[in-house]
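Have a look at the structure first, then work through the steps.

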Amino acid sequence: MTRVFYSEEEAIAAVGRLDRARLTRFLRAQVIYPAEASGRAVYRQVDIARMELLCDLCDDFELNDDALGMVMQLIDQLHGTRGDLAALLRALGEEPDDVRRRVQGRLGR
């Protein structure tokens, strides 16, 4: 898998509503965490998607930096929980039928 990194200028160009001032705001609010390459900040595709979401939140809800941080923290927690649930479902799928039926019965399904 090839890792693709975006420079600051490329990230700004990739996200239509992002400008240098807004990127600086996101960095200061610690809701974007760039990687580093050759002593410079670089951004991954996931960072680009996160910047798009942040722009949506700012434009649609006019969130201040504290609220923006809180919303992103909740989104990150939800994303982690979703991954945990997917792993649990995969593990349950590998169990014998009787175990799966017993667990499903306890869940009330």
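Predicted model: local features only at pLDDT ≥ 70, side-chain atom pairs only at ≥ 80, totals over all residues.

**Exercise 1.** Describe how helix 3 and helix 4 pack, and find the residues that make the contact.

*Solution.* 
Step 1. Two packed helices are described by the angle between their axes and the distance between the axes.
Step 2. For helix 3 (residues 45–61) and helix 4 (residues 65–93), the angle is about 130° and the axes lie 11 Å apart.
Step 3. That angle makes helix 3 oblique to helix 4, because angles over 145 degrees would be needed for roughly antiparallel.
Step 4. As for handedness, the crossing of helix 3 with helix 4 is right-handed.
Step 5. On the helix 3 side, the contact is made by Arg50, Leu53, Leu54, Leu57 and Cys58, and helix 4 brings Leu68, Val71, Met72, Ile75 and Asp76.
Step 6. Sorted by class, this contact has eight nonpolar residues, two charged residues and no polar ones.

**Exercise 2.** Work out which residues line the largest pocket and which helix gives the most to the lining.

*Solution.* 
Step 1. Start with the volume of the largest pocket, about 230 Å³.
Step 2. Now list the lining: Tyr33, Arg44, Val46, Asp47, Ala49, Arg50, Leu53, Met72, Ile75, Asp76 and His79.
Step 3. Helix 3 and helix 4 are the elements that give two or more residues to this lining.
Step 4. Helix 3 gives the most, with five residues.
Step 5. By class, the lining has six nonpolar, one polar and four charged residues.

How values were computed:
Residues numbered from 1 in each chain as written. Heavy atoms only, no water. Axes fitted to C-alpha atoms, helices over the stretch in contact; angles between N-to-C directions. Helix = DSSP H or I, 4+ residues; strand = E, 2+ residues; numbered from the N terminus. Parallel < 35°, antiparallel > 145°, perpendicular 65-115°, else oblique. Left-handed = near helix turned anticlockwise from the far one by under 90°. Contact = heavy atoms within 4.5 Å. Nonpolar A, V, L, I, M, F, W, Y, C, P; charged D, E, K, R; others polar. 1 Å grid on protein atoms, 1.4 Å probe; cavity = no way out; pocket = protein on both sides within 12 Å on 5 of 7 lines; lining within 4 Å. Points joined across faces, edges and corners; volume = space filled by probe spheres on them.
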